[in-house]
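Biologist: I would like a close look at one part of this model. Please take me through it step by step.

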Amino acid sequence: GLKEEGFLAHPATLDLVKRAAKALRMKHQWLIRESGGSDARAVRASRRGVPTAVVAIPARRTGGPLSLLSAADLHQTAALVRQILTTPYTGEKGSR
C-alpha cells in the first residue's frame with residue numbers, strides 16, 4: 001500500500017514492489033486508506049527507520065473473523081511476495 005493513517009510507504013520499497021510486479025507482468029493498484037491499517041507505521045518508525053511498504057490481498061469484510069477473497073488473488077499475491085523477496089533492493093540503505 002501507498003498510504004495508511006500515519007504511514008506513507010518508503011519510495012525505495014515502492015520501487016521494489018513496482019519492479020517485482022513488472023517482472024511478473026502483474027496488474028496492481030495502490031491502496032490509500034484513510035483509517036485503520038497495518039503495523040507498517042510501527043515497523044517503519046523502529047530504530048533508525050525501516051523502509052516499508054504494504055502488500056495487501058484484495059478482500060471484502062476484513063474487519064471481522066472471516067473475509068471473502070478470490071483464490072486467484074491469493075495466489076497472485078503470494079507470487080508477488082515471492083518475487084519481491086528475490087528482487088534486489090536498491091534503496092538508500094544499500095542492497096539486501
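By class, how many nonpolar, polar and charged residues does the lining of the largest pocket have?

Modeller: The lining has eleven nonpolar, six polar and three charged residues. Ala, Val, Leu, Ile, Met, Phe, Trp, Tyr, Cys and Pro count as nonpolar; Asp, Glu, Lys and Arg as charged; the others, Gly among them, as polar. This is a predicted model: local features need pLDDT of at least 70, side-chain atom pairs 80 or more, while totals for chains, interfaces and linings use all residues. Residues are numbered from 1 along each chain as its sequence is written, and side-chain values use heavy atoms, without hydrogens and water.

The volume of the largest pocket is about 640 Å³ (the space filled by probe spheres on grid points joined across faces, edges and corners). Its lining holds 20 residues, and Q29, A56, I57, P58 and T77 are the closest to its centre. (A pocket is an open set of points on a 1 Å grid over the protein atoms alone, where a 1.4 Å probe fits, with protein on both sides within 12 Å along at least five of seven lines; lining residues have an atom within 4 Å of a point.)

Helix 3, residues 71–86, gives the most to this lining: four residues. (Helices are DSSP runs of H or I, at least four residues, numbered from the N terminus.)

Now follow helix 3 to its partner. The axes of helix 1 and helix 3 come within 9 Å and cross at roughly 115° (lines fitted to C-alpha atoms over the stretch in contact, with angles from 0 to 180 degrees between N-to-C directions). Helix 1 brings L16, V17, A20, A21 and A23 to the contact, and helix 3 brings L80, Q83 and I84 (contact means heavy atoms within 4.5 Å). Seven of these contact residues are nonpolar, one is polar and none is charged.

Terms used. Helix = DSSP H or I, 4+ residues; strand = E, 2+ residues; numbered from the N terminus.
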